[in-house]
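Reader: Could you walk me through this model? I would like to talk about its fold and its packing.

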Amino acid sequence: MTAAQATPVTVCRLRPDDPDAVALRAAMTGELRQRYADRPYDPIHLPPERVFAPGSVAWTGVAYTADATPVGHAALRWHGCDLELKRMYVAPAHRGRGIADQLLDAAREAAGQLGAGRIVLQTGDRQPDAVRRYERAGYRPIAVFPPYDALPYSRCFALVIQPGTRRKAPVPA
C-alpha cells in the first residue's frame, strides 16, 4: 500500500459503551459468527456482555474518517500485568487502507501511557489476515494463555512495548 492509498483517520478514545464502539463490535461479532458458524461453542456465539465486559476495559479507540464515519475499533483490557488487545476490527469497505495500522499504533501508544510492558492478543485459526497484520506490526507468537487455552484453534501473540511509547509521527510529503 502506498501513502496515496492510505485513508487518514483519527483514533478517538471513547467509553466502551459509546454507540459507535458498540456498533463496530456488533459488526465484528456478526462477521465472526459467520466465519465460525460450524463451531457453536466458540465464544463468539456468547452474548456480547460475556465476551466483552465494558468494566474490564482500560482503553477503547474508534477510528473516524474525515467525514466522521466510524470505521474501526480496538480496545485494551488488563490481563494480569499485560494489556490484552480486544475486538480489533475495521469495517470491510475500509480495509486495505492502513486503518488497522493506525488503530494498532494508537493501542500501542495507549498501552505505553498506561504503563504496560506488553500487549497480548488471541485470534483464531480462521483469521489469517489478522495474523499477517499482527506479525507485520511486530507481534510475535506466544503460548496460548488462559482463558483461550480451552480453545484448540487459538493463536496468541505479544508485542513488547516501552512505557510512554509514542506513535510514529507522519512524515510530511
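Reader: Which residues have the most contacts inside the largest nonpolar core?

Author: Happy to start there, with a word on the ground rules. This is a predicted model, where local features need pLDDT of at least 70 and side-chain atom pairs count only at pLDDT 80 or more, while totals for chains, interfaces and linings use all residues. Residues are numbered from 1 along each chain as its sequence is written, and side-chain values use heavy atoms, with hydrogens and water left out. A nonpolar core is a set of buried Ala, Val, Leu, Ile, Met, Phe, Trp, Tyr and Cys residues joined through side-chain atoms within 4.5 Å, and buried means under 20% relative accessible area, exposed over 50%, partly exposed in between (1.4 Å probe, protein chains only). The largest such core has 30 residues, and those with the most contacts inside it are W59, L76, L85, M88, L103, Y134 and Y139.

Reader: Which element gives the most to this core?

Author: Helices (H or I, at least four residues) and strands (E, at least two) are DSSP runs, numbered from the N terminus. Elements giving two or more residues to the core include strand 2, strand 3, strand 4 and helix 4 (128-136). The top contributor, with 8 residues, is helix 3.

Reader: With which residues is L103 in contact, leaving aside its neighbours within four places in sequence?

Author: Contact means heavy atoms within 4.5 Å. By that criterion, the partners of L103 are V11, G61, A63, G72, H73, A74, M88, Y89 and V90.

Reader: What is the bridge partner of G61 in strand 3?

Author: Two strands pair if DSSP finds at least two bridges between them. Strand 2 (residues 57-64) and strand 3 pair in the antiparallel sense over 7 bridges, and 5 residues lie between them in a hairpin. Within strand 3, G61 has as its bridge partner A74.

Reader: And which residue in the turn between strand 3 and strand 4 has a positive phi?

Author: Strand 3 (residues 70-79) is mostly covered, with 7 of its 10 residues buried. It runs antiparallel to strand 4 (residues 82-90), joined by 7 bridges, and W78 has L83 as its bridge partner in strand 4. The two strands form a hairpin with 2 residues between them, and the turn residue with a positive phi, about 65°, is G80.

Reader: Is Y41 buried or exposed?

Author: Y41 sits in the loop between helix 1 (19-35) and helix 2 (48-51). Its C-alpha atom is separated by 9.5 Å from that of L151, 110 residues apart along the chain. With a relative accessible area of 79%, Y41 is exposed.
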